[in-house]
Amino acid sequence: MSANTVSAILVDSKDAPRRPVRRGRGRYALVVLAFLLPSALPLLLFTLGPMVAAAWVSLTEWNLIRPPVFVGFDNYAKLLTDPGTGQIFLHTLFYIVGYVPIVYIGGLAIALALNSRLKGRAFWRGIYFLPVVSSWIVVALIWRWLLNPSTGVVNTVLAAIGIDGPGWWTDPLWAMPSIILASAWKDLGFVMVILLAGLQAINPDLEDAARVDGAGWWRRLFNVTLPLLSPSTFFVLVISLINGFQVFDQVYAMTGGGPAGSSQVVVKEIYDLTFRYGAAGEASALSWMLFIVVLAVTVVQIIGQRRWVTYG
Amino acid sequence: MASARIARPGLGRSIILHVVIVAGALVMFFPFLWTIITSITPGAGLTLTPSLIPSDPSLDAYARLFAERPFLRTILNSLALALITTVVQLFTSSTAAYAFSRLPFRGRGVVFAIYLATMMIPLQVLIVPLFVELKTFGLLNTYLGALLPTFASAFGIFLLRQAVNQVPRELDEAATLDGAGHFRIFTLIVLPNIRPALATLSVFAFMSSWNSFLWPLVVLRKPELQTLPVALAGLQGQYTTAWDIVMAGSVVSILPMLALYIFAQRYVVQGVANSGIK
């Protein structure tokens, strides 16, 4: 114990030592400002400000060149009545419905396997985690090549065992499954690490007790492990859904939203509206619609968690 | 000890376990292996599927990559942006974390909640106004334009605030008695005590900048200003069938992350496990 620590304990009151610094209220305010401004300025200028601005832009018609024209809620009305909007939300939903179960079940299986006594656990965990540190663009390119219909390794292997592989990202039916496959490969390790951290926090006595009571592996999994893991599961679901609605990079690099718009998703549409069709107002309206959907889904999850998430 | 009791599987179960883990790891690693093999197989693409052991390996694709495009410049762009973003985020996040942990003021809870809420706002929602804002400032096609929106990170502030909260308050109270003000407590006591969290944030800031795509794509339109992911996406448009070159570019882009990851695995895994933010 250092002399300083001793003197701190002798002083005994939590507030007393602060007083010398608070010589003047004005001076203290300056100190607070000095510590907050470096982060507050960028957040105000480049996040909160643009957020409010986007709300205003969404009420205008604007091609980014001529001055914007106020049109009220026309952009929203246009988007809500356009069947294309439903399509791109459906594609996004298709992505989420395919992607979330694969990464969750896969990530859980690996986490369960790695949560046992195993030599070189860090090494194996590292292998599963590698795709997480790669960029989405690289992942998309690698999978575009793996799933190349003619010379890709997947179809080559399938052909060798007598299966005529699909056209993957060149086929409207298989474009979204291709994107889902690549995305699941990238994020599996991410989900695995979160679930593994959750598993390691579970008291092993509880599982032992169930074992002593004669519960088999599956029953222990469903009646003991999964309920105790529910906070981690909840967290994975919230993050996966937020990220799922924002899917963009991999679509841009793998299919460009095609073929024939079959894998066009919401954020890709926002990008196209802004930079290809010069419809910044409509793009902003779609941005806000997306934000509201994500917010609503997150709030519903947070409210719904009481039914199934148990905090030990 | 509790840890000694974690599932001690029987021999049969142990074999199954190992088979599952190793087979899974092979599946996970194969795409990387295939990327490397493709990059050293000249002419891979239109008609040629590389073989697992290339008969005529060559680094030709790498040579072409650097000869035909400003690829070295692209790497330096990514590196410079990632380093600057990291340093600035360390500064803005640690100062904010100190304020939210050590400097009580009226409305601090609300301000902190607003900070955290910005984590929920996807960049995509902000694209149009941000683009217009930077255009107005004349910052399109400038490094500063690419950097500014990355200067503050709600994730970083959250992460570091947790760490600052762990630093015993007795330490700063003792320093206060010795006459130290907040700036000295911050630099001499708090910062040295949150080094692991600073390392985690460094890795994440660097990684997310290195891998970021949408914003650099929008703001850096000139070829010589492009970052790696944007250049890679363009590479594919340029060499639609020359997969050896595209894969060589991918290898070049992954290697620094791989090195960083091996070097700092502990901090990366910790960061994900604690926060769940990529």
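Student: Where does H13(A) bend, and by about how many degrees?

Tutor: H13(A) bends by about 25 degrees at A:Ile302. The bend at a residue is the angle between axes fitted to the seven residues ending there and the seven starting there. Helices (H or I, at least four residues) and strands (E, at least two) are DSSP runs, numbered from the N terminus.

Student: What kind of model is this, and how are residues and chains labelled?

Tutor: This is a predicted model, in which local features need pLDDT of at least 70 and side-chain atom pairs count only at pLDDT 80 or more, while totals for chains, interfaces and linings use all residues. Residues are numbered from 1 along each chain as its sequence is written, and chains are lettered from A and ligands numbered from 1 in the order in which they are written.

Student: Back to H13(A). What should its 29 residues span?

Tutor: Helix H13 (residues 280-308) of chain A should span 42 Å at 1.5 Å a residue, and its end C-alpha atoms are 42 Å apart, which agrees. The expected span is 1.5 Å times one less than the number of residues.

Student: Which residues of H13(A) are buried?

Tutor: Among them are A:Ala280, A:Gly281, A:Glu282, A:Leu290, A:Phe291 and A:Val294. A residue is buried if 20 or more other C-beta atoms lie within 10 Å of its own, exposed if 12 or fewer, and partly exposed in between, with C-beta atoms placed from the backbone.

Student: What covers the buried residues of H13(A)?

Tutor: The cover includes H2, strand E1 (60-61), helix H3 (74-81), helix H10 (217-245) and helix H12 (266-275) of chain A, together with helix H5 (123-136) of chain B.

Student: And the interface: how many residues of chain A are in contact with chain B?

Tutor: 77 residues of chain A are in contact with 80 residues of chain B. Contact is C-beta atoms, placed from the backbone, within 7 Å. Helix H2 (residues 25-57) of chain A gives the most to the side of chain A that touches chain B, with 16 residues. That side divides into 58 nonpolar, 15 polar and four charged residues. Ala, Val, Leu, Ile, Met, Phe, Trp, Tyr, Cys and Pro count as nonpolar, Asp, Glu, Lys and Arg as charged, and the others, Gly among them, as polar.

Student: Which residues have the most contacts inside the largest nonpolar core?

Tutor: They are A:Ile137, A:Ala140, A:Leu141, A:Met192, A:Leu195 and B:Leu160, in a core of 154 residues. Helix H8 (residues 175-200) of chain A gives the most to this core, with 15 residues. A nonpolar core is a set of buried Ala, Val, Leu, Ile, Met, Phe, Trp, Tyr and Cys residues joined through C-beta atoms within 7 Å.

Student: What does B:Leu160 contact, leaving aside its neighbours within four places in sequence?

Tutor: B:Leu160 is in contact with B:Ser93, B:Ser94, B:Ala97, B:Ile194, B:Ala197 and B:Leu201.

Student: New topic. Which peptide bond is cis?

Tutor: The bond from A:Gly258 to A:Pro259 is cis, with omega near -10 degrees. A:Pro259 sits in the loop between helix H11 (249-254) and H12 of chain A.

Student: What is the phi of A:Leu64?

Tutor: A:Leu64 has a positive phi of about 75 degrees although it is not a glycine. A:Leu64 lies in the loop between E1 and strand E2 (69-70) of chain A, and counts as partly exposed because it has 17 C-beta neighbours inside 10 Å.

Student: Is B:His182 buried or exposed?

Tutor: B:His182 is buried, because 22 other C-beta atoms lie within 10 Å. B:His182 is found in helix H9 (residues 182-193) of chain B.

Terms used
Contact = placed C-beta atoms within 7 Å.
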